[in-house]
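Hello,

Here is the structure I promised to pass on to you. Have a look at it first, and then read on for what turned up in it.

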Amino acid sequence: MKITAAVTESKGAPFELQELTLGDLRPDEVRVRIAAAGICHTDLICRDQWLPVPLPAILGHEGAGVVEAVGASVTKVAPGDRVGLTFNSCGSCRTCQTGKPSYCHEFFEYNFLASRPLDRSSAVSRAGEPVNAHFFGQSSFATHSVASERNVVKLPDDIDTDVAAPFGCGIQTGAGAVLTSLAVPAGSSLVVFGTGTVGLSAVMAGVIAGCTTIIGVDVNATRLALALELGATHVIDAGERDALEDVRAITGGGADFCLETTGVPAVLCTAVDATTACGVTGVIGAPPFGTDVGLDVNTILSGGRVVRGIVEGDSVPDIFLPQLMTLHRQGRFPVEALMTFYDFDQIEQAAQDAGAGRTIKPVLRMS
């Protein structure tokens, strides 16, 4: 069948809408008519080759839409079901089997190689030649997507697909970091470095968790103002203030938990230094492959501090995404405040606005 998809031809190239051909489903696959897709920072850094995704490719990994067809072995969803799409995983390695699919032993192969993981084939072609697709098991910058049974999640009836779409990566990452990865207890202090989609989702999760001090750190005054609206008790403009000194002053010596969402090594060092004894820093922001960071060993050793990586908020999507959507329905997780909506043919403008910091979470509407 013919579909329209946004193709990124080469490093840093614009997103261009093209007519492509979508092939037949395999037994474990699901064809989804995409209604909406969020643009995530990961899409942009893969376009720019911070991470080695093969190009040309169809990116996009925060899709939502309606199931049109399913493979012969699929039982989880049926045609007509409304679904959100999320990251993919093998389902059979030790971490998948123990409920941590975001640390799948083959996470890179299932999400970043832009092909079917087992035989490196693609369901999408152009003039008879395969196009790199299946990014995060979906490549949702398209009118139609081929996903796997593992990475589709049925949506409740009371959430719009354009609001649900970004839950599949950025939103679940930030919220899950607080609620699942770090399991932040009530009464804790939390500092979020970077108030984009991930950071602001973490701020809202901090409110849900009962944190008594929530500090947002950024250099964008508009985003800091929104952080206050969403529940931060304090904000720090790191372009004007010494963030480390201010965090220590606000928390009385250091925070219980810090999250680093920017991918900037110097910010990670500040986050670690900003924790109190036995404090934990969660690392979410992704810099280019090969990036090193210099941490003072004695700062970690003598204070019993913990630094840990976080992928997708340790989410088990079939469990965690419905929980977040229930909180949204109750008015306790107002993620629409982050979103700006664009028509699909405005994808390049949406990407530019995101890269320039003019929007927090661009969401494409396909129809």
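**What was found**

Let's begin with aspartate 162, which belongs to helix α4, residues 161–164. One thing to keep in mind throughout is that this is a predicted model.

Is aspartate 162 buried or exposed? Its relative accessible area is 13%, and buried means under 20%, so aspartate 162 counts as buried. Its side chain has a partner, too: a polar contact of 2.9 Å links it to the side chain of arginine 365.

**The aromatic rings**

How many aromatic pairs are there? The count comes to ten aromatic pairs. One of them is formed by phenylalanine 107 and phenylalanine 112, with 6.3 Å from centre to centre and 55° between the planes, which is a tilted arrangement. Phenylalanine 107 has 14% relative accessibility and counts as buried. Phenylalanine 112 is buried as well, at 9%.

Phenylalanine 112 also pairs with phenylalanine 135. Here the ring centres are 6.1 Å apart and the planes stand at 75°; over 60 degrees counts as edge-to-face, so that is what this pair is called. Both phenylalanine 112 and phenylalanine 135 are buried.

Where do these two residues lie in the chain? Phenylalanine 112 is in the loop between α3 (107–111) and β7 (124–126), while phenylalanine 135 is in the loop between β8 (129–130) and β9 (144–148). The pair therefore ties together parts that are 23 residues apart in sequence.

**A cavity and a pocket**

The structure holds one cavity of 30 Å³ or more. The volume of the largest cavity is about 60 Å³. Which residues line it? They are Ile3, Leu22, Ile58, Val124, Ala133, His134, Gln138, Ser139, Ala142, His144, Ser145 and Val146. Sorted by class, that lining has seven nonpolar and five polar residues, and no charged ones. Strand β9 gives the most to the lining of this cavity, with three residues.

Strand β9 turns up again in the second largest pocket, where it provides the largest share of the lining, three residues. This pocket has a volume of about 350 Å³. It is lined by 18 residues, and the closest to its centre are Asp28, Asn88, Tyr110, Pro117 and Ser148. What classes make up the lining of the second largest pocket? There are six nonpolar, six polar and six charged residues.

**One glycine to finish**

Glycine 194 lies in the loop between β11 (189–193) and α6 (197–209). With a relative accessible area of 8%, glycine 194 is buried. Now look for leucine 259: it is 65 residues away from glycine 194 along the chain, and the C-alpha atoms of the two are separated by 8.5 Å.

Enjoy exploring, and write back with any questions.

Best wishes

Terms used
Residues numbered from 1 in each chain as written. Predicted model: local features only at pLDDT ≥ 70, side-chain atom pairs only at ≥ 80, totals over all residues. Heavy atoms only, no water. Phe/Tyr/Trp six-rings, centres within 6.5 Å; stacked < 30°, edge-to-face > 60°. Buried < 20%, exposed > 50% of the residue type's maximum accessible area, 1.4 Å probe, protein only. Helix = DSSP H or I, 4+ residues; strand = E, 2+ residues; numbered from the N terminus. 1 Å grid on protein atoms, 1.4 Å probe; cavity = no way out; pocket = protein on both sides within 12 Å on 5 of 7 lines; lining within 4 Å. Points joined across faces, edges and corners; volume = space filled by probe spheres on them. Nonpolar A, V, L, I, M, F, W, Y, C, P; charged D, E, K, R; others polar. Polar contact = N/O pair within 3.5 Å; in protein donor to acceptor, adjacent residues only side chain to side chain.
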